[in-house]
Amino acid sequence: MLVSPGSLHLAGSAGAAALASGGAAGAEGSGRPAPLQDETLGVASVPSQWRGIQGTRGETVRARAAGPPGAEGLRLWVIFFEVGSPSSPVYIGTGELNPGWQAFFGAQGWGGLSLQVSCLHTLCYPPAQGQGLHVTGISWNSTGSVLACAYGRLDDGDWSTLKSYVCTWNLDRRGLNPQQPSVVVEVPSAVMCLAFHPTQPSHIAGGLYSGEVLVWDMSRSEDPLLWRTGLTEDAHTDPVYQVLWLPEPQHSHRFQVLSVSTDGKVLLWQGGGAGQLQLTKGFALLMQQLPRSTRLKKPPRGETEVGVTAVAFSSFDSSLFVLGTEGGFPLKCSLAAEAAAMTRMPSSVPLRAPVQFTFSPHGGPVYSVSCSPFHRNLFLSAGTDGHIHLYSMLQAQPLTSLQLSHKYLFAVRWSPVRPLVFAAASGGGDVQLVDLQKSSQKPTVSITQTQDGSPVYCLEFNSQQTQLLAAGDAKGMVKVWQLSTAFTEQGPRETEDLDQLEAQVAT
């Protein structure tokens with residue numbers, strides 16, 4: 001029996017197949033060297049005897065980092081934290097350190113050996129795990145204290161009527177139970193993505209497999225559902241893979257919801273009367289209207305929608321955004337576009353053609369894009385080819401390409417506080433942290449999120465508590481990682497180095 005998307009329980013109530021498994025690397029990307037100097041990386045692995053003897057559940061960090069020569073004989077301190085008890089380690093062990101580890105010890109250097117990453121919380125909702133649901137999206141609220149996760153499915157199948165959940169945890173609450181969310185909302189279709197409101201700390205927008213977009217107020221215990229699109233002719237006809245909140249042009253304190261889908265539409269919604277989201281603006285992407293460089297060699301007859309999988313907005317121009325596509329090519333677009341989309345798709349508002357520029361493609365679909373918060377022209381994309389591409393808005397070819405995995409990459413996010421740091425979620429079960437000041441081709445730290453290599457599907461930095469990074473995976477778990485100051489404090493030349501990267505344009 002279906003459960004209404006408005007039904008809520010307080011805490012305590014009981015793609016393709018390859019996509020869910022992390023996939024295999026596609027075509028090799030063009031690895032163009034970046035201007036920053038690379039450093040040689042080493043790998044250390046320290047087994048835990050304590051875990052085998054005591055059976056203690058813990059979180060380990062596997063790190064790859066750079067360091068000076070002649071470091072033989074130094075020892076690495078590995079700290080295991082008990083799950084749900086972040087304040088005190090339950091075991092401290094040591095292991096021999098091979099050369100190449102300076103970055104691993106962060107600001108304290110070689111004198112005070114300190115891990116750069118530790119697991120603060122491992123959160124889950126057992127009923128969702130019992131159904132085999134994946135964590136398909138996560139979001140921090142505007143205060144930085146509440147974390148929401150979407151439960152759905154990313155593997156092949158029809159999940160339009162699969163009962164799923166949106167869960168929130170208040171991490172500042174005393175006596176936090178990692179297996180007991182503060183609020184649980186049942187949803188009658190797989191939830192594919194979600195996003196907290198930028199200023200209303202209890203409002204969440206979500207996109208469903210069925211094509212619907214919903215908005216909840218998690219502070220309303222009886223009926224949290226505020227608005228929904230319904231399955232009208234304006235609604236998406238394919239799964240919604242990302243939602244964002246955007247300020248209204250004339251009213252910066254009021255926000256609209258933007259949604260993207262593989263049906264080729266980008267839609268803007270405004271909350272109206274009777275709990276209905278009203279379509280205020282729409283865009284349609286058709287292969288025939290893309291620049292020739294990214295068209296198929298033999299353009300298809302009739303309408304051919306370009307499936308949209310991801311979206312990111314510029315921090316410097318509120319009308320400028322980048323889309324990731326199933327075809328593997330990122331697209332530079334504008335909300336101010338006036339050209340009509342040549343489509344027969346039904347819509348209550350005229351659909352526009354938003355694409356201004358296309359970028360050279362990945363070797364497979366792009367699942368995530370992220371615009372730099374520190375530079376108006378730079379953005380990142382992540383795809384099924386295991387590569388991260390760093391692009392400038394001013395040229396089609398990527399400035400550099402980093403192969404971070406031999407599996408799919410599902411998410412990439414710039415750090416909100418370090419101009420040269422970003423994180424990526426891997427189909428191999430890792431979260432990769434990259435500091436371009438240390439290496440332009442290798443991760444600085446690789447964190448093992450899932451012990452069995454299940455994919456990590458989503459991650460988000462906390463813009464308020466900037467030492468926190470959350471990641472969700474195919475096991476139905478959300479882990480909150482705490483980063484050291486090595487990842488949260490800007491270096492003296494970071495902005496200049498970022499400008500140097502972008503200066504490769506037209507050189």
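**View 1. Antiparallel pairing of strands E18 and E19.** In this predicted model, strand E18 (residues 265-271) pairs with strand E19 (residues 277-284) in the antiparallel sense, over 7 bridges. Strands count as paired if DSSP finds at least two bridges between them. Helices (H or I, at least four residues) and strands (E, at least two) are DSSP runs, numbered from the N terminus. Leu267 has Gly282 as its bridge partner in E19. The two strands form a hairpin with 5 residues between them. Ala274 in the turn has a positive phi of about 55°.

**View 2. Parallel pairing of E19 and E23.** Strand E23 (residues 351-352) runs parallel to E19, joined by 2 bridges. Gly282 has Leu351 as its bridge partner in E23.

**View 3. The buried side of helix H4.** H4 spans residues 494-502. Its residues Glu494, Asp497, Leu498, Leu501 and Glu502 are buried. Buried means under 20% relative accessible area, exposed over 50%, and partly exposed in between (1.4 Å probe, protein chains only). These residues lie on the same side of H4 because they cover an arc of only 145° around the axis. The arc is taken from the directions from the helix axis to the C-beta atoms. The cover over them includes strands E26 (378-383), E27 (387-392) and E29 (409-414), with contact defined as heavy atoms within 4.5 Å.

**View 4. Salt bridge between Arg413 and Glu460.** The closest N and O atoms of Arg413 and Glu460 are 3.1 Å apart. A salt bridge is a side-chain nitrogen of Lys or Arg within 4 Å of a carboxyl oxygen of Asp or Glu. The pair links distant parts of the chain: Arg413 sits in strand E29 and Glu460 in strand E33 (residues 456-461), 47 residues apart. Arg413 counts as buried, at 17% relative accessibility.

**View 5. Salt bridge between Arg418 and Asp435.** Here the closest N and O atoms of Arg418 and Asp435 are 2.8 Å apart. Arg418 lies in the loop between E29 and strand E30 (421-426), and Asp435 in strand E31 (residues 430-435), 17 residues apart. Arg418 is buried at 2% relative accessibility. Asp435 is buried at 2% as well. A network of salt bridges links Arg418, Asp435 and Glu494.

**View 6. Salt bridge between Asp452 and Lys475.** The side chains of Asp452 and Lys475 meet at 3.1 Å, N to O. Lys475 is partly exposed, at 42% relative accessibility.

**Notes.** Residues are numbered from 1 along each chain as its sequence is written; side-chain values use heavy atoms, without hydrogens and water. Local features need pLDDT of at least 70 and side-chain atom pairs pLDDT 80 or more, while totals for chains, interfaces and linings use all residues.
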